[in-house]
Amino acid sequence: MKKQIWIAGALGLAVLASCGQRGSRPDAHSHEGHDHGVEAVEHDHEHEGHDHEAERTGHGAASDEITLAPEKARAAGIVVETIQPAAFRNVLVASGQVLPVQGGEHTLVANVSGVVSFARPVIEGMSVKKQEALVTVSASHLQDGDPAERARIAYETARTEYERASKLVDSRIVSQKEFNAIRENYENARVAYEALRPAEGGKGVAVRAAEDGFVKTCLVKEGDYVAVGQPLLTVVQTNRLYLRAEVPERCYGELSGVSSAHFRTSYSDTVYKLQEHAGRLLSYGRTSGDASFYVPVIFEFDNPGDVLPGAYAEVFLLGRERANVISIPRSALTEEQGVKFIYLQLDDECYRKQAVVTGATDGDRIEITAGLKGGERVVTQGAIYVKLASASNAIPAHTHNH
């Protein structure tokens with residue numbers, strides 16, 4: 001009986017072992033299938049990564065080129081210039097100031113004592129004409145009376161006496177000595193009267209502008225009492241001006257080669273070229289100032305009409321020429337995060353951004369030391385519009401759906 005029970009137990013254990021082996025095979029197959037699925041997913045992502053890399057590479061090759069239709073370029077005012085090596089002058093940059101020429105600033109003074117009145121409202125900056133009456137000084141209501149009226153009376157009296165003596169000198173009724181004294185008195189009275197020429201209204205003495213120009217300062221007010229010789233107005237003529245540059249004394253050795261200059265005022269981006277306005281170098285200092293380390297360089301030029309005397313300026317002193325220099329107009333240059341760029345025209349509707357390294361500038365053109373070789377077509381005006389077009393070209397033309 002025990003033997004039968006042992007045999008039955010052994011058979012049961014064998015059956016359980018067989019069932020365990022059959023149950024483990026599907027689990028193993030399932031794990032293997034799962035591993036294959038992971039490998040397949042990884043394989044798909046690798047292929048997808050290759051596709052992304054190809055797309056990025058293709059897009060990068062085209063991203064350097066900027067497309068802008070010719071009609072849009074013309075509408076935007078884009079101008080292209082073929083850049084070639086040419087002569088470029090050494091440049092010394094300095095600060096400076098525009099000044100009136102010597103004798104170009106006049107101070108009008110009172111020629112008699114009296115009370116001030118204006119012929120018309122006098123405002124700083126207003127234009128005046130030569131011999132225009134600006135101020136009237138009158139003493140008609142003062143104790144000594146109007147000096148112009150006294151001068152008129154003295155002149156007319158002396159003239160009458162002179163005319164009478166002129167008729168009698170030939171008949172020797174008036175001696176030659178007496179006649180000379182009468183004539184001298186007449187001339188003195190005439191000079192005094194003409195110096196105190198009355199205003200148009202007949203009262204007071206007119207103070208007139210010596211030259212065409214502008215009122216720089218007005219030093220008196222309506223109704224002020226002034227004495228003889230007291231300053232009333234300052235009038236400056238602006239037809240001819242000085243440009244004074246202050247050069248550090250360490251650059252003194254370079255001044256011998258300076259012959260002209262460009263300058264840009266603090267209130268405008270316009271670059272003025274002295275050679276275009278009858279400019280000439282007057283002198284440069286042989287010593288520096290007592291309280292500074294700068295040497296003055298002075299030019300004279302015709303005012304083009306919009307240069308303000310007294311304005312401060314950035315001055316580009318032009319020295320000796322250098323041959324075969326690549327330079328571009330200042331308007332062609334753009335900057336991004338400290339890097340200078342220009343835009344090259346590849347064909348009628350295709351452009352490319354090009355990084356460059358700049359050198360000296362004369363205010364109008366900038367030397368390019370790296371990035372151009374010559375013969376390239378560079379956008380010199382309207383570069384900002386090409387830059388905006390490059391931003392629109394950077395938008396992707398396709399999307400990815402995963």
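I began with the contacts: in the protein chain, residues 24 or more positions apart account for 75% of the contacts with a separation of 6 or more. I noted beside this that the model is a predicted one.

Next I looked up the overall make-up. I found five helices and 23 strands in the protein chain. The chain has 402 residues, and 33% of them are buried. I also checked the surface: the accessible area of the protein chain is about 24600 Å², with 52% of that belonging to carbon and sulfur atoms.

I read its strand order as 8-7-5-10, an open sheet of four strands with antiparallel pairing. Which strands are at its edges? I found strand 8 (205-208) and strand 10 (225-226) there, each pairing on one side only. I followed strand 7, residues 133-138, to its partner strand 8, and the two are antiparallel over four bridges.

I moved on to another open sheet of four strands, with the order 4-11-9-6 and antiparallel pairing. Strand 4 (105-109) and strand 6 (127-128) are at the edges here, and each has a single partner strand, so one side of each is left without a neighbour in the sheet. How many bridges join strand 4 to strand 11? I found five, with strand 11 spanning residues 231-236 and the two strands running antiparallel. My last entry is one of these pairs: His 106 has Val 235 in strand 11 as its bridge partner.

Conventions:
Residues are numbered from 1 along each chain as its sequence is written. This is a predicted model: local features need pLDDT of at least 70, side-chain atom pairs count only at pLDDT 80 or more; totals for chains, interfaces and linings use all residues. Side-chain values use heavy atoms; hydrogens and water are left out. Buried means under 20% relative accessible area, exposed over 50%, partly exposed in between (1.4 Å probe, protein chains only). Contact means heavy atoms within 4.5 Å. Accessible areas come from the Shrake-Rupley method with a 1.4 Å probe; for residues, only the protein chains shown count as cover. Two strands pair if DSSP finds at least two bridges between them.
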